[in-house]
Every structure is written in structure tokens, then in C-alpha cells.
Amino acid sequence: MICKTIVEGTTKVSVPLPPPNATFPPSAAAVFYNPEMELNRDINVAATAAFVERLLSRKEILREEIRYVDAFSASGIRGLRIAGEVGIHATLNDWSPDAFELIKENIKINGLEELTLATRKNANVLLHEQKFHIVDVDPFGTPSPFMDAASASVWSMLSVTATDTAPLCGAHLNAGIRKYAAVPLNTEYHSEMGLRVLLGACARELAKHEKGMFPLLSHVTRHYVRTYLEVIPGTKQVNRTLKSMGFTIHCPKCGFRGPVYGLAVHIDRECPVCGALTQIAGPLWLGPFREPGFCDEVISELEIHPLNTKDKAKKLITFCRDELDIPMFYDQHVICKELGASATRIETLIEAIKAHGFEASRTHFSGTSFKTDAPIPEIKKIIGALSG
Ligand SMILES: C[S@@+](CC[C@H](N)C(=O)[O-])C[C@H]1O[C@@H](n2cnc3c(N)ncnc32)[C@H](O)[C@@H]1O
Ligand SMILES: [Zn+2]
């Protein structure tokens with residue numbers, strides 16, 4: 001294996017060089033390393049540090065007792081960064097023999113022998129054998145085959161990456177139904193749909209193990225969805241969690257959308273605005289996907305850690321913090337196209353919606369999108385008026 005050394009945060013790791021002309025170099029290399037995921041890992045350092053501070057402030061556990069597992073470790077970079085940059089014990093697991101050897105070498109390079117443990121197991125076996133306070137699931141594509149074991153293992157925080165955005169967002173409909181037992185809709189808000197399908201699946205997996213969840217932070221960035229869920233055991237917590245599950249109805253004719261809470265629900269198929277036949281997606285998570293206070297704590301951690309993507313990460317988390325807790329954003333361009341109107345600056349539109357007495361905010365999902373409690377006919381009137 002021909003390797004090069006890279007640095008992320010304050011962690012140095014040896015990663016294999018992919019063969020020249022590979023279509024997706026990270027997967028073509030003997031051990032996976034994707035430099036595009038540095039933002040994800042930087043946020044992981046800050047979010048895990050913020051969560052560890054919360055755990056310590058409750059005075060129920062000591063720092064040296066906290067156990068983190070990077071169940072799909074590849075080069076080891078994710079877990080090594082948690083051990084070296086957050087200062088808690090990390091288990092670095094990968095079933096690949098090449099990855100296992102590289103992880104051990106990277107532990108030595110960073111002098112983290114005391115604070116880490118390398119294991120070579122099927123992640124499902126490890127997670128069913130051992131419990132960890134923080135379980136990080138960062139596999140190839142879908143996390144779905146590992147969610148049962150991860151839910152069994154986790155005590156305090158479950159962090160999940162999903163890179164199978166096409167199934168999650170409805171572009172590969174049947175694959176999405178198979179993996180997540182939910183029907184997604186491929187609309188202009190497909191990125192939020194994907195996040196809510198994933199969160200709904202996490203809630204149901206945790207529920208099987210009598211654990212409830214509070215989403216602390218979630219973001220959809222380019223080709224992946226990432227979420228950090230505080231996990232709290234107990235049937236009351238599960239019952240509370242499942243109250244945030246439901247469906248969304250969408251009118252393909254006028255753009256109406258709206259949540260329907262519950263798992264056994266009656267859904268009127270007629271659009272309440274235009275009478276056309278609506279489409280249904282779900283079951284989905286309809287509750288908040290981040291906690292503003294936690295976002296502030298993550299932003300503070302981003303400030304104090306040396307990170308290459310600091311500014312980008314702060315901007316992203318600030319957007320997440322400030323967006324309204326209303327499921328399913330609108331895209332100004334889609335509405336403008338239907339109306340034959342021209343788009344304005346998104347801030348101008350948001351101010352105009354607020355001036356009409358409604359709530360409105362930007363979203364982290366896309367620069368042309370917004371969230372509001374204004375009904376779709378009002379939104380269209382406001383956009384029409386702005387367009388002149
Ligand atoms: C996307 S990579 C992990 C990337 C890594 N977390 C990072 O941030 O660089 C997925 C890794 O999971 C490993 N893997 C896939 N299925 C596994 C399983 N069932 N058990 C353990 N490891 C597995 C692969 O060998 C691969 O190294
Ligand atoms: Zn309609």
C-alpha cells in the first residue's frame with residue numbers, strides 16, 4: 001500500500017493513495033479515505049466535544065469512563081480525532097484486514113495507544129457485544145443494516161451518516177422503501193424529506209430497544225445526511241419520541257404541503273387548497289431536527305478547535321440553528337417558475353413574508369429556500385407582488 005500523510009484538525013493519519021484515474025478514488029483505494037468528508041468530521045469533533053461537556057456537567061460520569069465507537073473506521077481518522085481532539089476513549093473498528101493494520105499504524109503515529117483500541121469485527125457483532133456511550137455509524141451508503149445493533153449498543157448519543165441520498169430522497173423509490181420502511185416523495189424539498197425519513201427510521205429502531213431520542217443536530221450537505229441524536233432510555237421517552245412521527249401530504253398541482261401526526265392516521269386525499277389529488281410520504285420524523293442551544297454549544301467548540309473547515313462549519317450550524325421548526329421548506333425558484341415571476345433576494349422575500357404577519361426563515365438545505373407558516377396562496381401573492 002503506497003500511503004501519504006494527511007492532517008485534519010490536530011490529527012495526522014497515513015492514508016493509501018488511490019489508483020490513478022479511479023472514478024471514485026476513496027472507494028478504489030485499499031483503505032477508504034474521503035477528503036470531502038473533512039467538514040463532516042470537523043463538525044463531529046465539535047458536536048462530540050459539546051455532547052461530552054453536557055455529559056460531564058450532569059456529574060454522573062467521568063471523562064475517562066466515556067466510551068466512543070467509530071464502528072466503520074477505515075483509516076481510523078474519525079475515532080482518532082475524537083480521542084486526540086476531544087480527549088475521550090475511542091474504539092476504532094473495521095472488518096477489513098488492511099484497514100485494521102492501518103488503524104494500528106495511525107494510532108502509533110498519533111501516540112494514542114492509551115486512549116484507543118483497534119478491533120476487527122463485523123460492526124453488528126461488536127455493537128451487539130458491547131455498549132458504548134457514543135456510537136458513530138459512518139458506513140458506505142445506507143446505515144440501515146446496522147441500525148438495530150447501533151440502537152442496542154448506544155447509551156447516550158447516536159451519530160449517523162447516510163450517503164444513500166437517492167433512496168432517502170425518493171429518487172430511487174423502491175430502494176428507499178426497502179431500506180427505511182417509509183415512502184419518500186421526490187419533491188423540491190427532497191433533501192429535508194431524506195433527513196426526516198432517516199430520523200423516522202432511527203426513532204423506530206431505538207424504540208424497539210426502549211430508547212427515546214432528541215435530535216441535537218442534523219444537516220444535509222451535498223451527498224450525505226448526518227445526524228446526532230441524544231438517546232434516553234425508558235418507555236415514557238419512547239412514547240414521547242413516537243409522537244413526533246407522522247406523514248406529510250403534498251399537492252403536486254398547487255404546492256400545498258402539510259404534516260399529519262400519528263402512525264395510524266386518516267388522510268384526506270383532496271388538497272385543502274385546490275382540490276387536486278395529494279401525494280403522501282411517510283412515516284417520517286416531523287419533530288425538530290436540531291436543538292438551538294446545542295447548536296450554540298457546537299459553534300463554541302468550533303471556535304476553540306483548530307479546524308480547516310471552521311468558517312464553513314460555523315455558517316452551516318448557524319443556518320441550522322436559525323431555521324424554523326416547520327417541516328418541509330419551499331423553494332422560491334419553483335414557485336417563481338409556476339407563477340412566471342422573477343426571483344428576488346431570499347432575505348427580501350423572507351422580510352416580505354414577515355411583514356404580512358407570518359413567520360419565515362432561511363434554511364441550511366439550500367440558498368434559494370425558505371420556511372414559513374404562511375399558507376401557499378399567501379406565499380404566491382407575496383412572491384407575485386415582489387416580482388411586480
Ligand atoms: C465509508 S468507510 C468509513 C469512513 C470513515 N468513517 C471515515 O470517516 O473516514 C466504511 C468502512 O466500513 C467498513 N465496513 C463495511 N461494512 C462493515 C461491517 N459490516 N463491519 C465492519 N466494517 C465494515 C469498510 O471496510 C470501510 O472501511
Ligand atoms: Zn393543491
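Q: Which of the 18 residues around ligand 1 come nearest?
A: A residue is near a molecule if one of its heavy atoms lies within 4 Å of it, and in this predicted model R41, F72, D94, A123 and D138 come nearest to ligand 1. Residues are numbered from 1 along each chain as written, and ligands are numbered from 1 in the order in which they are written. Because the model is predicted, local features need pLDDT of at least 70 and side-chain atom pairs count only at pLDDT 80 or more, while side-chain values use heavy atoms, leaving out hydrogens and water.

Q: Which atom of D94 lies 2.6 Å from an oxygen atom of ligand 1?
A: A polar contact is a pair of N or O atoms within 3.5 Å; for D94 a polar side-chain atom lies 2.6 Å from an oxygen atom of ligand 1, whereas A123 places a backbone N or O atom 2.8 Å from a nitrogen atom of ligand 1.

Q: Which residues coordinate the zinc ion (ligand 2)?
A: Donors are N, O and S atoms within 2.8 Å of the metal (3.2 Å for Na, K and Ca), and here the SG atoms of C251, C254, C271 and C274 coordinate the zinc ion at 2.3 Å. Along the chain these donors follow the spacing C-x2-C-x16-C-x2-C.

Q: Is C271 buried or exposed?
A: Buried means under 20% relative accessible area, exposed over 50%, and partly exposed in between, with a 1.4 Å probe and protein chains only; C271 is buried because its relative accessible area is 4%, whereas C274, at 30%, counts as partly exposed.

Methods
Polar contact = N/O pair within 3.5 Å; in protein donor to acceptor, adjacent residues only side chain to side chain.
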